[in-house]
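Q: Could you take me through this structure one feature at a time, giving the general idea before the particular case?

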Amino acid sequence: MERDTSMDYYTREEARELFRRANSFTDDELLSMDETEFRARVRERSHHTLEIQVYSAAYRNRTLQPSQADTAKRLLRIWRERGLSEDLPEYRYAGFLIGAAEKLSRGEPVDLTPYRPTPVTKEMEDHFFTIVKERRSVREFTDEDVPDEILEKVLEAGLWAAHGCNVQSIRYVIVREKNEPGLFKGSDVPGGPIHLVICQDMRCYRANDFTPVRNRLLDAGAAGQNIVLAAHAAGLEGVWLTFPGQEFTDRLRARFNLPDYIRLVTYVDVGYGDQTPHPPLRWDVKDTILARL
Ligand SMILES: Cc1cc2nc3c(=O)[nH]c(=O)nc-3n(C[C@H](O)[C@H](O)[C@H](O)COP(=O)(O)O)c2cc1C
């Protein structure tokens, strides 16, 4: 059988060693590593050494060891020494987790009720499934301009996708065809007025090199799916497209001077749709279930 290298898993010992290494940086190393990697490490360490433990203890009314927050506290100390802004999301979230861990270590409850999501009404549920089922790959567009705010809302949906170990690698390149006609030539369809390129800053993955490599591609796929759904929800239409080859991505990389650690993964064309295709019908769900216990 063909070997899928993206499936590679580490042996238990290898994964343990890589995980241990993630905790063994000296202060000097953390102070001098590039900012993108450092911030990804703060997200990853907060996730693996605190987030999971805090929610589990809060749910079960268990106390946490006061030392549980030590890794996150140390990283936030280095954050301040590096002079990074305390308004940035990973600093604020790690700060919340540290506060919660301190309460749990004193045996106090953590009130999570302020974070309860808006209750999903029947109407919201119906709207969600309408968006999911009526989103189509639309390949014909009007000339109407799409405001930047709508594009940013759609791209923000990509950032809110699930993401392995919360390392948050997703980056974007936005190209309006009219600003540089032909840059995307070679696509298999004429293409939309706007090309949204989903990229990843691979430096983020230094923070979780102990998880399977396939998660990296899945992170971009999760963002892509949110993007096509959000585009439809925001009144746009679009189509997820395939880079036709290396020459195409090399052209984009050169045009925007993208360094090697930026991976161009895939792209989605969007605009105001000018066609309503017949839905490519899907299988009945019961025909897709391989096993059920
Ligand atoms: C990873 C991926 C790559 C795709 N690449 C292309 C492409 O290169 N050209 C194209 O016309 N459509 C492309 N599509 C769109 C699919 O053809 C489309 O999603 C599928 O036919 C189902 O139609 P629907 O999206 O309208 O439900 C791609 C979709 C995905 C998820």
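Predicted model: local features only at pLDDT ≥ 70, side-chain atom pairs only at ≥ 80, totals over all residues.

Q: At what angle do the axes of α3 and α4 cross?

A: The general idea is that two packed helices are described by the angle between their axes together with the distance between the axes. In this structure the axes of helix α3, residues 35-60, and helix α4, residues 70-81, come within 9 Å and cross at roughly 160 degrees. Since angles over 145 degrees count as roughly antiparallel, α3 is roughly antiparallel to α4.

Q: Which residues of α3 and α4 meet?

A: On the α3 side they are V42, R45, S46, T49 and L50, and these meet T71, A72, L75 and W79 in α4. Sorted by class, the contact of α3 with α4 has five nonpolar, three polar and one charged residues.

Q: How do I read the crossing of α4 and α5, and is it left-handed or right-handed?

A: The axes of α4 and helix α5, which covers residues 89-105, come within 10 Å and cross at roughly 145 degrees, and the crossing is left-handed. From α4 the residues A72, K73, L76 and W79 take part, and from α5 they are Y91, A94, G95, L97 and I98. By class, this contact of α4 with α5 has seven nonpolar, one polar and one charged residues. Notice that A72 and W79 are among the α4 residues that meet α3, and that A72 and W79 are also among those in the contact with α5.

Q: Is the crossing of α7 and α8 left-handed or right-handed?

A: The axes of α7 and helix α8, residues 214-233, come within 7 Å and cross at roughly 145 degrees, and α7 passes α8 in a right-handed crossing. The contact joins K153, V154, L155, A157 and G158 of α7 to A223, N226, I227, A230 and A231 of α8, with seven nonpolar, two polar and one charged residues by class.

Q: How many helices and strands are there in the protein chain?

A: The protein chain has nine helices and four strands, and read along the sequence they follow the pattern α-α-α-α-α-α-α-β-β-α-β-α-β. Among contacts between residues at least 6 apart in sequence, 82% join residues at least 24 apart.

Q: Is H47 buried or exposed?

A: A residue is judged by how many other C-beta atoms lie within 10 Å of its own, and 20 or more make it buried. H47, which lies in helix α3, has 22 C-beta neighbours inside 10 Å and therefore counts as buried. Not counting residues up to four places away in sequence, H47 touches C165 and N166. For the chain as a whole, buried residues make up 27% of the 293 residues.

Q: What is the phi of N166, and where does N166 lie?

A: The general idea is that most residues other than glycine have a negative phi. N166 has a phi near 55 degrees, a positive value in a residue other than glycine, and N166 lies in the loop between α7 (148-159) and β1 (170-176). N166 counts as partly exposed, because it has 19 C-beta neighbours inside 10 Å. Q168 is found in the loop between α7 and β1, with a phi near 55 degrees that is again a positive value in a residue other than glycine, but Q168 is buried, with 21 other C-beta atoms within 10 Å.

Q: Which residues is G164 in contact with, leaving aside its neighbours within four places in sequence?

A: G164, placed in the loop between α7 and β1, is in contact with N208, T211, N215, L218 and D219. Sequence separation and spatial distance are two things to read side by side: G164 and N215 are 51 residues apart in sequence and 6.3 Å apart in space, C-alpha to C-alpha. H47 and F184, by the C-alpha to C-alpha reading, are 137 residues apart in sequence and 38 Å apart in space.

Q: Which residues surround the ligand?

A: The ligand is surrounded by R136, S137, R139, D188, V189, V239, W240, L241, T242 and P280.

How values were computed
Residues numbered from 1 in each chain as written. Near = placed C-beta within 6 Å. Axes fitted to C-alpha atoms, helices over the stretch in contact; angles between N-to-C directions. Helix = DSSP H or I, 4+ residues; strand = E, 2+ residues; numbered from the N terminus. Parallel < 35°, antiparallel > 145°, perpendicular 65-115°, else oblique. Contact = placed C-beta atoms within 7 Å. Nonpolar A, V, L, I, M, F, W, Y, C, P; charged D, E, K, R; others polar. Buried ≥ 20, exposed ≤ 12 C-beta atoms within 10 Å, placed from the backbone. Left-handed = near helix turned anticlockwise from the far one by under 90°.
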